[in-house]
Amino acid sequence: MEKLIVHGGQPLKGRVTISGSKNSALPILAATLLTKDTCTIRRVPDLSDTNYMVRILGELGAEVERASGVVVVTANKIKSKAPYDLVRKMRASICVLGPLTGRLRKASVSLPGGCIIGDRPVDLHLRGLEALGASVQVEGGDILVSATRANFKGRTLNLMGKHGSTVLGTDNIMMAATLAKGTTIIEGAAAEPEVEDLANFLIKMGAKIEGAGTNRITIEGVKELHGAEHTVIPDRIEAGTFLVAGAMIGDGVTLKQVIPEHLRAVTTALADCGFKMEITKDSITIYPNPNARGFSLTTHPYPGFPTDMQAQFCALACVIPDSSTITETIFPQRFMHIAEMKRMGAQMTLQGATAHIRGGTPLKSAPVMASDLRASATLVLAGLIAEGQTEIHRLYHIDRGYEHLDDKFAALGAKMERTKE
Ligand code: EPZ
């Protein structure tokens with residue numbers, strides 16, 4: 001295992017190029033199972049999560065070649081059972097369920113475990129597949145889906161759950177519906193940019209989809225899909241993480257290859273705190289503000305403030321000499337970072353699903369433990385501003401979702417080194 005040692009106090013300056021989106025690449029790689037033709041996906045970030053997905057495609061029988069950020073997949077002959085030992089390592093593997101059901105009318109994928117940010121149910125995914133006429137059983141920890149050609153057909157269904165829409169659930173039903181007979185209307189669909197990016201790839205494969213990026217998606221089933229090429233959109237959460245770093249300890253940090261519209265809720269929140277930004281069609285430059293104002297935010301499905309940026313804003317609140325609050329509505333237990341940051345002297349309290357932070361007190365380095373992906377990146381942010389050297393253990397959490405994070409920060413002037421535990 002590896003750890004990261006972050007030397008605090010080094011101001012960040014310069015340009016960083018944002019990688020392709022993990023949360024777009026994963027379902028798009030799964031979607032290549034929908035055709036026997038060859039698909040080429042570009043700007044796939046080099047992460048352990050995307051590596052797992054590539055391995056799952058291979059285990060399912062697809063031929064997969066990967067050269068740096070380009071993945072070429074030919075899923076000519078595929079099996080319907082996803083390998084348990086890989087699926088259990090990455091819950092996003094659930095997004096092979098829809099393509100396998102659409103292509104083979106049969107699928108067996110292990111039930112994803114919970115994870116550190118809370119229970120991760122898939123009831124909405126299964127409800128959606130049943131609405132399309134599939135029969136769904138859960139046996140021995142496996143989800144077993146089967147459908148006959150006759151009864152697998154499009155319907156109008158609602159995917160809204162008690163915490164709002166489901167991103168991967170929308171992806172799964174949209175992918176399955178591309179090959180179901182007739183019209184499927186998904187009400188209460190997730191509107192995240194990654195869902196829209198997946199739909200754009202499916203349309204290139206010959207799918208008939210309208211409304212992706214809104215809460216109502218219409219899919220006209222077709223007999224089969226063909227191969228296609230696609231470049232994954234930039235990772236808006238990686239971009240948001242660097243924006244927060246630039247606000248916390250930057251002296252002019254420019255993000256290249258971003259889509260500012262995808263970050264509107266984040267840049268609006270930063271502007272409301274008083275951070276100045278220069279925004280062009282594919283870049284954002286952020287400047288520090290020692291007199292920034294506190295914030296009061298609540299996470300919501302897109303286009304609301306993203307849950308995946310909640311932890312990073314808790315770190316930002318530490319440098320704002322004011323009181324801030326952030327309420328988590330998507331994953332109410334997603335506060336693993338609070339205890340770790342309090343070890344560094346952060347003035348934070350948790351009341352229910354609301355974090356209250358009093359900023360302005362300098363943080364001090366301490367050995368801390370990475371946990372969920374975004375909480376781990378937040379500990380790096382805290383280390384950048386803390387006095388002394390902060391040791392972040394269990395670095396694999398960061399490598400799941402951030403491509404070469406330490407190299408990118410080092411290129412901006414941060415001092416950090418990766419060493420063996
Ligand atoms: C996606 O997860 C992202 N992962 C998550 O990013 C992100 O936090 C999440 O969407 C919310 O935006 C990927 O895209 C790979 P959901 P997903 O289904 O689709 C509940 C990261 O850090 N729910 O939209 O699994 C669920 O418990 C990761 O990159 C049900 O109740 O999340 C949650 O409260 C973390 N039943 C809410 O809905 C279901 O069947 C939203 O979950 C499905 C979900």
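The model is predicted.

**Entry 1: salt bridges**

I began with the charged pairs. Side chains of opposite charge can pair when their charged atoms come close. I found 17 salt bridges in the structure. I looked up three of them in detail.

I took Glu 2 and Lys 420 to start. Their side chains meet at 3.8 Å, N to O. Glu 2 sits in strand β1 (residues 2-7) and Lys 420 in strand β23 (residues 415-420), so I noted a link between distant parts of the chain, 418 residues apart. Glu 2 is partly exposed at 25% relative accessibility. Lys 420 is exposed, with a relative accessible area of 60%.

Next I checked Glu 229 with Arg 42. The bridge spans 2.8 Å, N to O. Glu 229 belongs to strand β13 (residues 229-231) and Arg 42 to strand β3 (residues 38-42), so this pair ties together parts 187 residues apart in sequence. Glu 229 is partly exposed at 45% relative accessible area. Arg 42 is partly exposed too, at 32%.

Then I turned to Asp 49 and Arg 400. Their closest N and O atoms are 2.8 Å apart in a salt bridge. Asp 49 lies in helix α2 (residues 48-59) and Arg 400 in helix α13 (residues 396-401), so parts 351 residues apart in sequence are tied together. Is Asp 49 buried or exposed? I read a relative accessible area of 0% for Asp 49, so I logged it as buried. Arg 400 is partly exposed, at 28%.

**Entry 2: Ile 219**

I looked up Ile 219 in strand β12 (residues 216-220). Ile 219 is buried because its relative accessible area is 0% and the cut-off for buried is under 20%. I listed its contacts beyond four places in sequence; among them are Met 174, Ala 177, Thr 178, Ile 186 and Lys 208. Ile 209 is on that list as well. Ile 209 and Ile 219 are 10 residues apart in sequence, yet I read 4.5 Å between their C-alpha atoms.

**Entry 3: positive patch**

I found a positive surface patch formed by Arg 149, Lys 153, Arg 155, Lys 181 and Lys 223. I followed up Lys 181. This residue is in the loop between α6 (167-177) and β10 (183-187). Lys 181 is partly exposed, with a relative accessible area of 48%.

**Entry 4: helix α10**

Why did I call α10 (residues 310-319) largely enclosed by the rest of the structure? I did so because 9 of its 10 residues are buried. The buried ones include Phe 313, Cys 314, Leu 316 and Cys 318.

**Entry 5: backbone exceptions**

Most residues other than glycine have a negative phi, and most peptide bonds are trans. I noted exceptions.

Tyr 302 and Pro 303 are joined by a cis peptide bond, with omega about 10°. Pro 303 lies in the loop between β17 (296-298) and α10.

Arg 43 is not a glycine, but I read a positive phi of about 60°. Arg 43 is in the loop between β3 and α2. Arg 43 counts as partly exposed at 26% relative accessibility.

Arg 394 also has a positive phi, near 60°. I placed Arg 394 in the loop between β22 (389-393) and α13. Arg 394 is partly exposed, at 35% relative accessible area.

Conventions. Residues are numbered from 1 along each chain as its sequence is written. This is a predicted model: local features need pLDDT of at least 70, side-chain atom pairs count only at pLDDT 80 or more; totals for chains, interfaces and linings use all residues. Side-chain values use heavy atoms; hydrogens and water are left out. Helices (H or I, at least four residues) and strands (E, at least two) are DSSP runs, numbered from the N terminus. Buried means under 20% relative accessible area, exposed over 50%, partly exposed in between (1.4 Å probe, protein chains only). Contact means heavy atoms within 4.5 Å. Patches are made of residues with over 30% relative accessible area and no salt bridge: like charges are joined within 9 Å, nonpolar side chains (Val, Leu, Ile, Met, Phe, Trp, Tyr) within 5 Å. Accessible areas come from the Shrake-Rupley method with a 1.4 Å probe; for residues, only the protein chains shown count as cover. A salt bridge is a side-chain nitrogen of Lys or Arg within 4 Å of a carboxyl oxygen of Asp or Glu. Lys and Arg count as positive and Asp and Glu as negative; His and the chain ends are not counted. The place of a charge is taken as NZ of Lys, CZ of Arg, CG of Asp or CD of Glu.
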